[in-house]
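Here is a short tour of one protein chain, to read alongside the model. Please keep the viewer open as you go.

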Amino acid sequence: DYPDDEVRSAAVHACAQFLTSYCKSGQPDGMEAYKKGVAEFIPKLTETVEEEEETAVVLACLEAITDMLKECKHDLTCLPSFPERIVGCVTKIMKGECACQDDSEEEEGMEEDLDTSEQDEMVFEYAGDVLPSLGKAMTPDKF
């Protein structure tokens, strides 16, 4: 809940990197720390994607999800309800239902519209990167 979006984005990246390192450690203590941390982190990431108004923070969350799926693979997707949560937040982005995509504000001019459309395009692109990573991290029958 820090007010600066750059600090929040950096915190997301740092937490994702710590958890990925725990997962890759191969040590029982590391895996225990990974499972404990990821049980809170992934739900928080998906919640943030849906409710955060700052596009940079949403992009950081989506990138963290993608990176963790690429690095931790089955160790992430085997946890109950995580694949469904991840697909759910990507679906909301594709439907334009996330807070960072809120178009309820009054029009402020052509330049503002261009910035908004570029940001929406980036959110779509990052969300689109999540699904292939999810598919690769899961077994074919579960995907």
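## Helix H5 and its two faces

The face of H5 turned away from its buried side carries Glu84 and Lys95, both exposed. The buried residues of H5 are Phe82, Pro83, Ile86, Cys89, Val90 and Ile93. Viewed down the axis of H5, these buried residues fall within an arc of 135 degrees, so they line one face of the helix.

H5 covers residues 82-95, and at 1.5 Å a residue its 14 residues should span 20 Å; the C-alpha atoms at its ends are 20 Å apart, which agrees. After H5 comes glycine 96, with a positive phi near 75 degrees.

## The overall fold

Bear in mind that this is a predicted model. The protein has 6 helices and 0 strands, giving the pattern α-α-α-α-α-α along the sequence. Among contacts with a separation of 6 or more, 70% are between residues 24 or more positions apart.

Of the 143 residues, 36% count as buried. The accessible surface of the protein is about 8,700 Å², and carbon and sulfur atoms account for 50% of that surface.

## The nonpolar core

Which residues have the most contacts inside the largest nonpolar core? They are Tyr34, Met68 and Leu76, in a core of 37 residues. At least two residues of this core come from each of helix H1 (5-25), H2, H3, H5 and helix H6 (110-137). H3 gives the most, with 11 residues.

Setting aside neighbours within four places in sequence, methionine 68 is in contact with Ala16, Leu19, Thr20, Tyr34, Val38, Phe41, Ile42, Lys73 and Leu76. Two of these partners, Tyr34 and Leu76, are also named with Met68 for having the most contacts inside the core.

## Glutamate 52 in its loop

Glutamate 52 sits in the loop between helix H2 (28-51) and helix H3 (55-72). Is glutamate 52 buried or exposed? Its relative accessibility is 15%, and the limit for a buried residue is under 20%, so glutamate 52 counts as buried.

The side chain of glutamate 52 makes a polar contact of 3.0 Å with the side chain of arginine 8. A polar atom of the glutamate 52 side chain also lies 3.1 Å from the backbone nitrogen of glutamate 54. Beyond its neighbours within four places in sequence, glutamate 52 is in contact with Arg8, Val57, Val58, Ala99 and Cys100.

Definitions and conventions
Residues are numbered from 1 along each chain as its sequence is written. This is a predicted model: local features need pLDDT of at least 70, side-chain atom pairs count only at pLDDT 80 or more; totals for chains, interfaces and linings use all residues. Side-chain values use heavy atoms; hydrogens and water are left out. Helices (H or I, at least four residues) and strands (E, at least two) are DSSP runs, numbered from the N terminus. The expected span of a helix is 1.5 Å times one less than its number of residues. Buried means under 20% relative accessible area, exposed over 50%, partly exposed in between (1.4 Å probe, protein chains only). The arc is that of the directions from the helix axis to the C-beta atoms. A polar contact is a pair of N or O atoms within 3.5 Å; within protein, one must be able to donate a hydrogen and the other to accept it, and residues adjacent in sequence count only if both atoms are side-chain atoms. Contact means heavy atoms within 4.5 Å. Accessible areas come from the Shrake-Rupley method with a 1.4 Å probe; for residues, only the protein chains shown count as cover. A nonpolar core is a set of buried Ala, Val, Leu, Ile, Met, Phe, Trp, Tyr and Cys residues joined through side-chain atoms within 4.5 Å.
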